[in-house]
Amino acid sequence: MILILSILGGIMGSYFSSLGKDHLIGRSKCGKCTKTLRPIELIPIFSYLKLKGRCSICMNKINPLYIILEIVGAIVYPIIYLFTKHIMITILFGSIILLLLRISIIDLQEGYIYIIDILWILLLRVILFLIHMNNPIPYILSGLSIAALLLFIQIISKGLGTGDIFYGMVLSSFFPLSLATYYFISWSFILGGLIAAFKLYILHKNRRDKMAFAPFLSIGFLITIIWRSLC
């Protein structure tokens with residue numbers, strides 16, 4: 001079972017790394033020449049290493065997002081299963097972690113959050129609702145309260161993008177309206193503030209330089225999930 005889940009995690013990592021900007025189903029393509037990869041080039045991890053991280057046609061470097069998600073998927077899926085012993089929960093949360101990583105990396109690379117990624121997480125959240133049959137109202141209120149907070153911050157500071165607001169709203173919907181919701185957002189801002197201070201005072205970056213906020217939302221979410229599972 002562990003080996004099967006590791007293979008599945010690698011496949012899911014490959015799938016999520018190939019998602020387009022505006023469609024749910026993607027095919028892996030070279031980011032430079034847009035060549036659709038052949039089946040032999042789609043074997044998770046192995047194909048990337050065999051091709052030495054380059055397209056077989058144009059020889060340009062393939063985005064490392066592919067190999068990162070494939071490796072993380074192959075590792076994370078078995079680990080989640082060891083803790084939960086539940087196949088469906090393993091697949092759902094493993095996929096969520098891969099999407100968190102994808103969103104964070106793309107935000108760091110491009111300074112943008114694609115709506116398709118947020119929709120994927122929302123879809124997985126709905127499936128979890130259906131599995132657990134929870135009362136959705138406290139979770140919806142949690143998402144709306146964080147969206148309102150992030151919108152307020154965007155208005156007064158111009159430091160957040162619209163993608164950050166929707167991303168924070170969907171992630172906070174995993175928690176009922178409670179202290180957990182504010183632990184999540186507090187961790188995100190604490191980590192973001194520490195990194196911003198480091199860049200400003202240690203690396204002497206310009207105060208006006210934009211900083212990706214999605215990675216801090218992702219880390220804050222994971223910290224809160226782990227904290228809730230231990231308490």
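Trainee: Quick one to start: is Asp117 buried or exposed?
Mentor: Asp117 is buried, since its relative accessible area is 1%. Buried means under 20%, exposed means over 50%, and partly exposed lies in between, with a 1.4 Å probe and protein chains only.

Trainee: Before I go on, what am I looking at?
Mentor: A predicted model, where local features need pLDDT of at least 70, side-chain atom pairs count only at pLDDT 80 or more, and totals for chains, interfaces and linings use all residues. Residues are numbered from 1 along each chain as its sequence is written, and side-chain values use heavy atoms, leaving out hydrogens and water.

Trainee: Back to Asp117, then. Which side chain does it meet in a salt bridge?
Mentor: Arg102: the two side chains form a salt bridge at 2.6 Å, N to O. The term asks for a side-chain nitrogen of Lys or Arg within 4 Å of a carboxyl oxygen of Asp or Glu. This pair links distant parts of the chain, with Asp117 in helix H5 and Arg102 in helix H4, 15 residues apart.

Trainee: And Arg102, buried or exposed?
Mentor: Arg102 is buried as well, with 2% relative accessible area.

Trainee: How many salt bridges are there in the whole structure?
Mentor: A search of the whole structure turns up one.

Trainee: You mentioned helices. How many helices and strands does the protein have?
Mentor: Nine helices and zero strands. Both are DSSP runs numbered from the N terminus: H or I of at least four residues for helices, E of at least two for strands. Read from the N terminus, the order is α-α-α-α-α-α-α-α-α.

Trainee: What share of the residues is buried?
Mentor: 42% of the 231 residues count as buried.

Trainee: Which residues touch the most other members of the largest nonpolar core?
Mentor: Phe16, Ile121, Tyr167, Leu171 and Phe221, out of 44 residues in that core. A nonpolar core is a set of buried Ala, Val, Leu, Ile, Met, Phe, Trp, Tyr and Cys residues joined through side-chain atoms within 4.5 Å. Several helices supply at least two residues each, including H1 (2–17), H5 (115–132) and H9 (214–230). The largest share comes from H4, with nine residues.

Trainee: Let's zoom in on Phe16. What is it in contact with?
Mentor: Leaving aside neighbours within four places in sequence, Phe16 is in contact with Leu69, Ser95, Leu98, Leu99, Arg102 and Trp120. Contact here means heavy atoms within 4.5 Å. Arg102 is also the salt-bridge partner of Asp117.

Trainee: What share of the contacts links residues 24 or more positions apart?
Mentor: Such pairs account for 67% of the contacts with a separation of 6 or more.

Trainee: New topic: where is Ser172?
Mentor: Ser172 sits in helix H7, which covers residues 162–172. Ser172 is buried, at 0% relative accessible area. Its side chain reaches the backbone oxygen of Met169 at 2.9 Å.

Trainee: Last one: where does Glu110 lie?
Mentor: Glu110 lies in helix H4. With 45% relative accessibility, Glu110 counts as partly exposed. Glu110 and Ala212 are 102 residues apart in sequence, but their C-alpha atoms are 9.0 Å apart in space.

Terms used. Polar contact = N/O pair within 3.5 Å; in protein donor to acceptor, adjacent residues only side chain to side chain.
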